[in-house]
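Here is a short note to read alongside the model. Please keep the picture open as you go through the points.

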Amino acid sequence: MNAVDTPGTTDRVLVIDDDPGIRRLLISALGFAGFEVDVAADLTEALQQIERRPPDVIVLDVMLPRADGFEILQLLRARSVDVPVLFLTARDAVEDRVRGLRLGGDDYVTKPFSVVEVGARLQALLRRTRSESPAPEDTPLCCADLTMDDRRHEVHRAGQAVELSPTEYRLLNYLLSHQGQVLSRAQILEAVWQYDFGGDTVVVERFISNLRRKIDQGHAPLLHTVRGIGYTLREQAQK
């Protein structure tokens, strides 16, 4: 597949979509926005592109032949490809958006989409996962038996490793850094996503649900909902 290389850029996006028209549109628009763009039509081409030139961010269509976007995401995460992933989904497929976030996707855009919005969301993903990431802490962040070692980029609960997507990791870092505080959905959205979702806090709720499943399942809960306000991470007081 062809790629568009813009001199002087460092951010490379891999577009995985089987629609030639969408690939051409994104090659042109994202290339003009300053990205280096590689494209792939299916899983085989995507793996070849990743091996040849690892991307900084991925745009992944849900509806793909042979292996759909969800299967591709799971395979990439299993292969430790931890770059942020932006899903392209049908406007009325709410279940697709929910499933994509639950499996470790970082954001989504619904079809038909604005190429300007795609570019803005990709830039926001890159800012929050790399260039604007907080400096690693010398001392691990802890709450009860939950620990986050930023130097090693590792999370453990009761001594067991917890695998998180880049956005899940950043969300947990924010919650741990403000443990005991009640944080509104809007505060979390602004701090972690750094992008205007138009007040759509559903994405926060989905990622909180993901974190609960990963860090609290089988343990005393640390992540609590404060009804009507937001969320807090704290050790449950002993009764």
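1. Let us start with the open sheet: its five strands run in the order E2-E1-E3-E4-E5, and their pairing is parallel. Two strands count as paired if DSSP finds at least two bridges between them. At the edges are strand E2 (36-40) and strand E5 (107-111), each of which pairs on one side only. On average, neighbouring strands of this sheet are turned by 20° against each other, direction ignored. The axes behind such angles are lines fitted to C-alpha atoms, for helices over the stretch in contact, and angles run from 0 to 180 degrees between N-to-C directions.

2. A word on the source. This is a predicted model, in which local features need pLDDT of at least 70 and side-chain atom pairs count only at pLDDT 80 or more, while totals for chains, interfaces and linings use all residues. Residues are numbered from 1 along each chain as its sequence is written, and side-chain values use heavy atoms, with hydrogens and water left out.

3. Strand E3 (residues 57-61) and strand E4 (residues 85-90) are joined in the parallel sense over four bridges. Across this pair, Leu-60 stands opposite Phe-87 in E4.

4. The protein chain has eight helices and twelve strands; helices (H or I, at least four residues) and strands (E, at least two) are DSSP runs, numbered from the N terminus. Of its 239 residues, 48% count as buried, where buried means under 20% relative accessible area, exposed over 50% and partly exposed in between (1.4 Å probe, protein chains only). Among contacts with a separation of 6 or more, 61% come from residues 24 or more positions apart; contact means heavy atoms within 4.5 Å.

5. H1 lies across strand E1 (12-16), E2, E3, E4 and E5, and runs at about 170° to E2.

6. Which residues of H1 are buried? They are Ile-22, Arg-23, Leu-26, Ile-27, Leu-30 and Gly-31. These residues are on the same side of H1 because they cover an arc of only 140° around the axis, the arc being that of the directions from the helix axis to the C-beta atoms. On the other side of H1, Arg-24, Ser-28 and Phe-32 are exposed.

7. Both ends of H1 deserve a look. At its start, a side-chain oxygen of Asp-19 comes to within 2.8 Å of the backbone nitrogen of Gly-21. After H1 comes Gly-34, with a positive phi near 105°.

8. Helix H3 (residues 69-78) can be read in a similar order. Its buried residues are Gly-69, Phe-70, Ile-72, Leu-73, Leu-76 and Arg-77. They lie on the same side of H3 because their arc around the axis is only 160°. These buried residues pack against E1, helix H2 (43-52), E3, E4, helix H4 (94-102) and helix H6 (166-177). At the start of H3, a side-chain oxygen of Asp-68 reaches to within 3.0 Å of the backbone nitrogen of Phe-70. Just after H3, Ser-80 has a positive phi of about 65°.

9. Please also look at the two hairpins. Strand E6 (residues 141-143) and strand E7 (residues 146-149) pair in the antiparallel sense over three bridges, with Leu-141 opposite Met-148 in E7. Two residues lie between these strands, and in this hairpin Ala-144 takes a positive phi near 55°. E7 also pairs with strand E8 (residues 154-157), in the antiparallel sense over four bridges, and Thr-147 stands opposite His-156 in E8. Here four residues lie between the strands, and His-153 takes a positive phi near 55°.

10. Leaving aside neighbours within four places in sequence, its contacts include Tyr-108, Glu-168 and Phe-207. Leu-101 and Thr-167 are 66 residues apart in sequence and 9.7 Å apart in space, C-alpha to C-alpha.

Technical notes. A polar contact is a pair of N or O atoms within 3.5 Å; within protein, one must be able to donate a hydrogen and the other to accept it, and residues adjacent in sequence count only if both atoms are side-chain atoms.
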